[in-house]
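Thanks for coming, everyone. Let's take a quick tour of some strands. Have a look at the structure with me.

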Amino acid sequence: MRIPGATSRSGLACGILGGMRRFFGPVGPLMMSLALVGAVSACSTDENPGDATASGTDTALASSSAPSGSDTGGGQGSSLWPSNVVVGSDDPQPARGTVEVVRELEHDPQLFTQGLEVSDGQIYESTGQYGSSQVQRRPLDGGPPTVSVPMAADEFGEGLALTPDTLWTLTWKNNVAHNRDPQTLEVREEVHYDGEGWGLCFDGAQLVMSNGSDQLTFRDPVTFEPTGTVDVTAGGTAVPWLNELECVDGEVLANVFMTDEILRIDPTTGHVTAIYDGAHLQQPRPDSNDAVLNGIAALPESENLLVTGKLWPTMYEVRLGG
Ligand SMILES: [Ca+2]
């Protein structure tokens, strides 16, 4: 764990990577993808590719914009984007596990899923895209949303997490989290944070947030102030693009942008302890490069999860095996 503001490792490869992110901007995801294949790998061996995002600088890539208009197509076999988490050779090595489908549920294929959570028989889902981002609640056993609140047109919705008093929702690049009434979903307060917002979960004591890098930030569930960070590694290699999160029994589950893999992370060490392959879910995928796996929710009083993706017509109740 690292305290906020502490100096982290940095190096040439990561510096170049961070520079590319800022240089190419939102118009150059393909160019950046070509460079990333090498740069991420090089950076991951010893450096921290997430420092650029974690330190609050703007990045070109986000959980939602990168594939748009490009042919990166990660998670669907593209050769331009790492389709699997890169695991180093150091110990501990992550276990390999399966995603076993228990049942299928309907999912509105219009939803650009960014955050998913289940509580008291209700599904909470937040979605992205400028002009159509929203937060909604609907019954787990089916049916339309009972509450749906749009976000401002200049806000791009990201992850969400439910605490006893608050539904927290993130924005991608607005540097703002919304403190919402869990019943009405209306915004009660806005709080500022540095860097991008990607995924969020609540472990019962603190919030855990991702920003697209390999770093998770812990936050106070009432004030949203950062309380610490941890760098996530698999076999000693940094794991960038951590996206939607779910806190489960003292561990953090994360799906990784542009892959079909779900990671089990020990939040005290940052070690990835298991990797679960969800490539068989929602096949064939919707005809959009955006339609990647994104959305993990623990089902209360069960060891099963609810998993979906952006623009997917299906949610899956799954059991992680192996
Ligand atoms: Ca979640």
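Eight strands make up an open sheet, in the order β16-β17-β18-β19-β1-β22-β21-β20. The pairing in this sheet is mixed. Keep in mind that this is a predicted model.

Which strands stand at the edges? They are β16, residues 242–248, and β20, residues 293–298. Each has a single partner strand, so one side of each is left without a neighbour in the sheet. From one strand to the next, the twist averages 30°.

β16 pairs with β17, residues 251–256. Five bridges hold that pairing, and the sense is antiparallel. Opposite leucine 242 you find valine 256 in β17.

Now on to β12, residues 215–219. Is this strand mostly covered or mostly open? Mostly covered: five of its five residues are buried. In a regular strand, side chains alternate between the two faces of the sheet. Here, Gln215, Thr217 and Arg219 point one way from β12. Leu216 and Phe218 point the other way. All of them are buried.

What does β12 pair with? Take β11 first, residues 207–210. These two strands run antiparallel, joined by four bridges. Leucine 207 has arginine 219 as its bridge partner in β12. The hairpin of β11 and β12 has four residues between the strands, and glycine 212 there takes a positive phi near 95°.

Then comes β13, residues 226–231. It runs antiparallel to β12, with five bridges between them. Leucine 216 stands opposite valine 230 in β13. This hairpin has six residues between the strands, and phenylalanine 224 takes a positive phi near 70°.

How values were computed: Residues numbered from 1 in each chain as written. Predicted model: local features only at pLDDT ≥ 70, side-chain atom pairs only at ≥ 80, totals over all residues. Buried ≥ 20, exposed ≤ 12 C-beta atoms within 10 Å, placed from the backbone. Pairing = 2+ DSSP bridges. Axes fitted to C-alpha atoms, helices over the stretch in contact; angles between N-to-C directions.
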